[in-house]
Amino acid sequence: MDPNQPEVENYANPKTCFFHVLFKASALAFYILSALFIDNFVIIFVVTVLLAALDFWVVKNVSGRILVGLRWWNEINDLGESVWKFECLDHESLARMNKKDSWLFWWTLYITAVAWIVLAIFSLIRLQADYLLVVGVCLTLSIANIVGFTKCKKDAKKQIQQFASQTIASRFSSTLQSAFSVV
């Protein structure tokens with residue numbers, strides 16, 4: 001190996017990456033290929049939505065945690081209001097996250113949503129309202145993950161900035177105290 005050549009970063013979690021992509025691809029592939037081989041809308045609907053729901057759960061609860069260090073959920077409080085909850089690794093752990101894992105995670109989230117939008121357009125063009133329903137459910141699940149993880153990422157950045165500000169302020173304060181206590 002040439003010592004002048006930069007080392008290529010590999011995936012830190014190849015199995016998680018594989019299943020992250022597999023669940024997305026399986027829902028899309030089944031929906032697309034089922035039109036060729038299956039003539040029963042109910043089977044297409046149930047299996048496609050089930051695969052999309054499994055993808056939603058895997059992304060939200062497994063691959064999101066492992067690949068980007070983020071997790072989100074939404075609760076209804078006692079007043080009946082929707083409350084977003086976010087969980088992220090500490091700032092040092094987030095800084096050490098694998099870039100390829102993160103890249104794969106975010107790009108597949110967006111590409112999957114775009115694919116469902118394209119399929120929705122085809123359903124509209126072909127005037128197939130029933131298939132538009134399937135695509136709508138799958139697109140909703142996909143967009144829910146995009147919104148949840150985007151909000152979670154913004155919240156994590158805000159927490160890191162607050163931590164950095166507090167650290168700088170406390171160090172400045174302790175330096176000032178030690179400077180005056182010596183005098």
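## Basis of the description

A residue is called buried when its relative accessible area is under 20%, exposed when it is over 50%, and partly exposed in between, with a 1.4 Å probe and protein chains only; at 3% relative accessibility, Ala 27 therefore counts as buried. The model is predicted, so that local features need pLDDT of at least 70 and side-chain atom pairs count only at pLDDT 80 or more, while totals for chains, interfaces and linings use all residues. Residues are numbered from 1 along each chain as its sequence is written, and side-chain values use heavy atoms, with hydrogens and water left out.

## Overall architecture

The protein chain contains five helices and two strands, which follow one another along the sequence in the pattern α-α-β-β-α-α-α. These elements are DSSP runs numbered from the N terminus, with helices (H or I) of at least four residues and strands (E) of at least two.

Of the 183 residues in the protein chain, 31% are buried. Among contacts (heavy atoms within 4.5 Å) with a separation of 6 or more, 70% are between residues 24 or more positions apart. The chain exposes about 12100 Å², of which carbon and sulfur atoms supply 67%; accessible areas come from the Shrake-Rupley method with a 1.4 Å probe, and for residues only the protein chains shown count as cover.

Ala 27 is found in helix α1, and, when residues up to four places away in sequence are not counted, Ala 27 touches Thr 48, Leu 51, Ala 52 and Trp 116. The C-alpha atoms of Ala 27 and Asp 55 are separated by 7.9 Å, although the two residues are 28 residues apart along the chain.

The structure holds one salt bridge, a term that here requires a side-chain nitrogen of Lys or Arg within 4 Å of a carboxyl oxygen of Asp or Glu. The side chains that meet in it are those of Lys 24 and Asp 55, at 3.2 Å from N to O. The pair links distant parts of the chain, with Lys 24 in helix α1 and Asp 55 in helix α2, 31 residues apart. Both partners are buried, Lys 24 having a relative accessible area of 5% and Asp 55 one of 9%.

Ser 34 also lies in helix α1, which covers residues 14–37, and counts as buried because its relative accessibility is 3%. A polar atom of the Ser 34 side chain lies 3.0 Å from the backbone oxygen of Tyr 31; such a polar contact is a pair of N or O atoms within 3.5 Å, where within protein one must be able to donate a hydrogen and the other to accept it, and residues adjacent in sequence count only if both atoms are side-chain atoms. Residues up to four places away in sequence aside, Ser 34 touches Ala 29 and Ile 44.

## Helix α2 from start to end

At the start of α2, a side-chain oxygen of Asn 40 reaches to within 3.0 Å of the backbone nitrogen of Val 42. Further along, α2 bends by about 45 degrees at Val 59, the bend being the angle between axes fitted to the seven residues ending at a residue and the seven starting there. The helix is followed by Gly 69, whose phi is positive, near 70 degrees.

Thr 48 lies in this helix, which spans residues 41–68, and counts as buried because its relative accessibility is 0%. Its side chain reaches the backbone oxygen of Ile 44 at 2.7 Å. Leaving aside neighbours within four places in sequence, Thr 48 is in contact with Ala 27, Phe 30, Tyr 31, Trp 116, Val 134 and Cys 138.

Trp 116 is found in helix α4 and is buried, with a relative accessible area of 2%. Beyond its neighbours within four places in sequence, the contacts of Trp 116 include Ala 27, Tyr 31, Thr 48 and Cys 138. The C-alpha atoms of Trp 116 and Leu 132, 16 residues apart along the chain, are separated by 9.9 Å.

Ile 117 is placed in the same helix α4, residues 99–125, yet at 40% relative accessibility Ile 117 counts as partly exposed. Together with Val 114, Val 118, Ile 121, Phe 122 and Ile 125, Ile 117 forms a nonpolar surface patch with about 550 Å² of accessible area. Patches are made of residues with over 30% relative accessible area and no salt bridge, like charges being joined within 9 Å and nonpolar side chains (Val, Leu, Ile, Met, Phe, Trp, Tyr) within 5 Å. An α-helix has 3.6 residues a turn, so residues three or four places apart point the same way.
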